[in-house]
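Hi,

Here is the model I promised to pass on.

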Amino acid sequence: MAVSLNAQRIAGHPVLRAIAAQTLVLFIAPLVMATVLLVPRQPDWAVGTEFIAAGLSGGLSLLAIGRRKRALATAPGRLVGLFDRRDTGIVVMLLFVAGGAVLASGRPAGLYLLLPASLVAFVSGVLSAWNFLLPPPDML
């Protein structure tokens, strides 16, 4: 919703477009993980492999988006700045990959790594969307 309310401003600003893409990746990643878990009777190695593939593709997407976003200096001390960093998104994707690797090795404990990854992804996405609604003056 925040992106649609500010579509004109976002479309004309390359850094804001990159932040919007990052937000989309962070919202879609937990949705993909939940969808993978909904498939019945999959062996752990198959679920783990799917998590690894999704985490790697999400991580590579965030790295590519981060290159376009480099021009933006994150405001220190702001909560949005902490969760809007490329490193935070990469850690989320690495947790998905690690959870998948643990699952693929036959240990269901890998599912526990998905909880913090999903929570951080959602918080990052919400704060980024909030940033679109109330952007700092330097992003206008």
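**What I found**

G48 sits in helix α4; helices here (H or I, at least four residues) and strands (E, at least two) are DSSP runs, numbered from the N terminus. Before going further, a word on the source: this is a predicted model, so local features need pLDDT of at least 70 and side-chain atom pairs count only at pLDDT 80 or more, while totals for chains, interfaces and linings use all residues. Residues are numbered from 1 along each chain as its sequence is written, and side-chain values use heavy atoms, with hydrogens and water left out.

Back to that glycine. G48 is buried, with a relative accessible area of 0%. (Buried means under 20% relative accessible area, exposed over 50%, and partly exposed in between, using a 1.4 Å probe and protein chains only.) Setting aside neighbours within four places in sequence, G48 is in contact with G100, L103 and A104, where contact means heavy atoms within 4.5 Å. The C-alpha atoms of G48 and L103 are separated by 4.8 Å, although the two are 55 residues apart along the chain.

**The overall picture**

The chain has 7 helices and 0 strands, so reading from the N terminus you get α-α-α-α-α-α-α. Of the 140 residues, 39% are buried. Take the contacts with a separation of 6 or more: 72% of them are between residues 24 or more positions apart. The chain exposes about 7900 Å², and carbon and sulfur atoms supply 71% of that; accessible areas come from the Shrake-Rupley method with a 1.4 Å probe, and for residues only the protein chains shown count as cover.

**The core**

Which residues have the most contacts inside the largest nonpolar core? They are F51, L62, V92, M93 and F96, in a core of 19 residues. As general background, nonpolar side chains tend to be buried together in soluble globular proteins.

M93 lies in helix α6 (residues 86-104) and counts as buried at 2% relative accessibility. Beyond the neighbours within four places in sequence, M93 is in contact with V25, L26, A29, G55, G58, G59 and L62. M93 and L60 are 33 residues apart in sequence and 9.1 Å apart in space, C-alpha to C-alpha. As for V92, not counting residues up to four places away in sequence, V92 touches A117, V120 and A121.

V15 is in helix α3 and is buried, with a relative accessible area of 8%.

**The aromatic pair**

How many aromatic pairs does the structure hold? There is 1. The rings of F27 and F122 have their centres 6.4 Å apart and their planes at 40°, so the pair is tilted. The rule is that rings of Phe, Tyr and Trp (its six-membered ring) pair if their centres lie within 6.5 Å; planes under 30 degrees apart count as stacked, over 60 as edge-to-face and the rest as tilted. Since F27 lies in helix α3 (residues 14-38) and F122 in helix α7 (residues 114-133), the pair ties together parts that are 95 residues apart in sequence. F27 is partly exposed at 31% relative accessible area, and F122 is partly exposed at 38%.

V123 is in helix α7 as well, and V123 is partly exposed, with a relative accessible area of 37%. V123 and L26 are 97 residues apart in sequence and 9.1 Å apart in space, C-alpha to C-alpha.

R41 is found in the loop between α3 and α4. R41 has a positive phi of about 55° although it is not a glycine, and R41 is exposed, with a relative accessible area of 82%.

Cheers

Note on methods. Core = buried A, V, L, I, M, F, W, Y, C linked by side-chain atoms within 4.5 Å.
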